[in-house]
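Biologist: I'm new to this one and would like to learn how to read it. Could you walk me through it, feature by feature?

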Amino acid sequence: GKSFSIEIGKIGADSKSNIFDVNGNAIKDNIKFEKTFADINLDEASSSFTFTLENVVCSVDEDDTFTDEIKSKIMLLLGLETSDTNRIVLTSLQCENGNTVITTTTLLPPSTDGGGGRSLRTASLLSSTGGINTQHSISLFKKLHDLSQEKPRGENLLSTLEGRRVFAEEKDSNNNRIGFFFHVSDLKIIPSVLDTKAMLT
């Protein structure tokens, strides 16, 4: 992985920042150190983040009823096929203020069997195809983030008063197009078992 350096303290003559000891005395020398980004295989990594669905009617007693609904919305946003449903894992689902559902969402790597293992699809297929179903989980998170932030591009995205965007591709019982408010945050990249072992040795 690439290396990077960090310096903490008073940087430049006009800097207003500084570091102090426990007695409040300014420390003369800055703290400097270098780190290296982990060299991990993103095709094998998972991504965990917070998915927030807004402007919905919910209650604490009905938390579990939104699991399938949120999963289907994420599938819709990402354009995933039904066969890739097992790539989406929802945990810690909760209702807030009766109108917001928040859940911790994990996107598993391409061609997983739902338990973190690989399916029968070969690595050569993953590397030779560029469809949404074979994109790694961090790329899919980025797509969700972009959809919640970008300016309208055609009829699929509608602007809102809050500056967020509504993805309008669902249809109700009367076949009318409906949209929903959402945003994502708190991304965490989870390395594969092999990469985790390599980093710890």
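Biologist: Let me start with a single side chain: is Lys73 buried or exposed?

Modeller: Keep in mind as we go that this is a predicted model. To answer you, look at the relative accessible area, where under 20% means buried. Lys73 has 4%, so Lys73 is buried.

Biologist: Which residue does Lys73 form a salt bridge with?

Modeller: The partner is Glu69, and the closest N and O atoms of the two are 3.8 Å apart. Both residues sit in helix H1, four residues apart, which is about one turn of the helix. Glu69 has a relative accessible area of 30%, so Glu69 counts as partly exposed.

Biologist: How many salt bridges does a search of the whole structure find?

Modeller: Two. The other pair to look at is Asp146 with Lys142, whose side chains meet at 3.0 Å, N to O. Here again the two are four residues apart, about one turn, but the helix is H3. Asp146 is partly exposed, at 28%, while Lys142 is exposed, at 51%.

Biologist: Let me step back to the whole chain. How many helices and strands does the secondary structure come to?

Modeller: Four helices and eight strands. Reading from the N terminus, the order is β-β-β-α-β-β-α-α-β-β-β-α. As for burial, 34% of the 201 residues count as buried. Take the contacts between residues at least 6 apart in sequence: 57% of them join residues at least 24 apart.

Biologist: Now the inside. What is the general idea behind a nonpolar core?

Modeller: In soluble globular proteins, nonpolar side chains tend to be buried together. In this model the largest nonpolar core has 25 residues, and the members touching the most others are Phe51, Ile70, Ile74 and Val101. Six elements each supply at least two residues of this core: strands E3, E4, E5 and E8, along with helices H1 and H3. The largest share, five residues, comes from H1.

Biologist: Which residues is Ile70 in contact with, leaving aside its neighbours within four places in sequence?

Modeller: The list for Ile70 is Phe51, Leu53, Leu90, Leu93, Val101 and Thr103.

Biologist: Is the pair of Phe51 and Phe182 stacked or tilted?

Modeller: That pair is stacked: the planes are 10 degrees apart, and the centres 5.7 Å. Phe51 belongs to strand E3 and Phe182 to strand E8, 131 residues apart. Phe51 is buried at 0%, and Phe182 is buried at 1%.

Biologist: What about disulfides, then?

Modeller: A disulfide is a covalent bond between the sulfur atoms of two cysteines. The count here is one. Cys58 is joined to Cys95, with 2.1 Å from S to S. The link also ties distant parts of the chain: Cys58 is in the loop between E3 and H1, and Cys95 is in strand E4, 37 residues apart. About the S-S bond the angle is 75 degrees, and the link is right-handed. Both cysteines are buried.

Biologist: One last stop. Where is Asp195 placed?

Modeller: Asp195 is in helix H4, which covers residues 193-200. Its relative accessibility is 15%, so Asp195 counts as buried.

Biologist: What does the side chain of Asp195 reach at 2.9 Å?

Modeller: The backbone nitrogen of Asn41. Leaving aside neighbours within four places in sequence, Asp195 is in contact with Asp39, Ile40 and Asn41.

Notes: Residues numbered from 1 in each chain as written. Predicted model: local features only at pLDDT ≥ 70, side-chain atom pairs only at ≥ 80, totals over all residues. Heavy atoms only, no water. Core = buried A, V, L, I, M, F, W, Y, C linked by side-chain atoms within 4.5 Å. Buried < 20%, exposed > 50% of the residue type's maximum accessible area, 1.4 Å probe, protein only. Contact = heavy atoms within 4.5 Å. Polar contact = N/O pair within 3.5 Å; in protein donor to acceptor, adjacent residues only side chain to side chain. Salt bridge = Lys/Arg side-chain N within 4 Å of Asp/Glu carboxyl O. Disulfide = S-S within 2.5 Å. Phe/Tyr/Trp six-rings, centres within 6.5 Å; stacked < 30°, edge-to-face > 60°.
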